Amino acid sequence: TGDDSLPSAVIFRDSFTDWMLDFMAEHFRRVTFLWSTALHKDVIEAEQPDIVLQQVVDRFLLRAPLT
């Protein structure tokens with residue numbers, strides 16, 4: 001949104017998040033969506049977000065959280 005009072009975010013997602021992309025984007029100054037079931041430390045370090053979310057279907061939560 002560009003609203004400086006809002007936080008920035010990196011959101012790791014899968015196809016089950018498609019329906020909520022527009023809704024989520026409204027609540028952040030800047031948001032980076034990545035289609036990935038794993039968290040990527042290099043992206044988090046590069047973006048320096050205020051919030052990191054992992055929004056994936058539960059069957060993908062069996063993987064190690066950081067790659």
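## Close-up views of a three-stranded parallel sheet

**Figure 1. R13 and its bridge partner across the sheet.** Let us start with a pair: R13 has W35 as its bridge partner in β2. The model shown here, as in every view below, is a predicted one. R13 belongs to strand β1, which covers residues 8-13. Is R13 buried or exposed? With a relative accessibility of 6%, R13 is buried, because the cut-off for that class is under 20%. Beyond residues up to four places away in sequence, R13 touches F33, L34, W35, S36 and T37, and also D18, L21, Q55 and V56.

Figure 2. Three strands make up an open sheet, arranged β2-β1-β3 with parallel pairing. Which strands stand at the edges? They are β2 (30-35) and β3 (51-55); each has a single partner strand, so one side of each lacks a neighbour in the sheet. From one strand to the next, the twist averages 15 degrees. The parallel pairing of β1 with β2 runs over 6 bridges, and that of β1 with β3 over 5 bridges. On the β3 side, V10 finds its bridge partner in V52.

**Figure 3. Strand β1, covered on both faces.** How many of the 6 residues of β1 are buried? The count is 6 of 6, so the strand is largely enclosed by the rest of the structure. On one side sit S8, V10 and F12, and on the other A9, I11 and R13, all of them buried. For the chain as a whole, buried residues account for 30% of its 67 residues.

**Figure 4. The largest nonpolar core.** This view gathers a set of 5 residues: A9, I11, M20, M24 and F28 form the largest nonpolar core. In soluble globular proteins, nonpolar side chains tend to be buried together. Two members of this core, A9 and I11, lie on the face of β1 that also carries R13. What does M24 touch, leaving aside its neighbours within four places in sequence? The contacts of M24 are I11, T17, F33 and L53.

Figure 5. Apart from residues up to four places away in sequence, R30 is in contact with P7, S8, A9 and E47. R30 and L6 are 24 residues apart along the chain, with 8.3 Å between their C-alpha atoms.

**Figure 6. The whole chain and its confidence.** To close, here is the setting for all the views above. Of the contacts between residues at least 6 apart in sequence, 51% join residues at least 24 apart. The chain exposes about 4500 Å², and carbon and sulfur atoms supply 56% of that area. Its pLDDT averages 85, and 85% of the residues score at least 70. Where is confidence lowest, and where is it highest? Helix α1 (residues 21-25) has the lowest mean, at 85, whereas helix α2 (residues 41-47) has the highest, at 95.

Definitions and conventions:
Residues are numbered from 1 along each chain as its sequence is written. This is a predicted model: local features need pLDDT of at least 70, side-chain atom pairs count only at pLDDT 80 or more; totals for chains, interfaces and linings use all residues. Side-chain values use heavy atoms; hydrogens and water are left out. Helices (H or I, at least four residues) and strands (E, at least two) are DSSP runs, numbered from the N terminus. Buried means under 20% relative accessible area, exposed over 50%, partly exposed in between (1.4 Å probe, protein chains only). Contact means heavy atoms within 4.5 Å. Two strands pair if DSSP finds at least two bridges between them. Axes are lines fitted to C-alpha atoms, for helices over the stretch in contact, and angles run from 0 to 180 degrees between N-to-C directions. pLDDT is the predictor's confidence in each residue, from 0 to 100. Accessible areas come from the Shrake-Rupley method with a 1.4 Å probe; for residues, only the protein chains shown count as cover. A nonpolar core is a set of buried Ala, Val, Leu, Ile, Met, Phe, Trp, Tyr and Cys residues joined through side-chain atoms within 4.5 Å.
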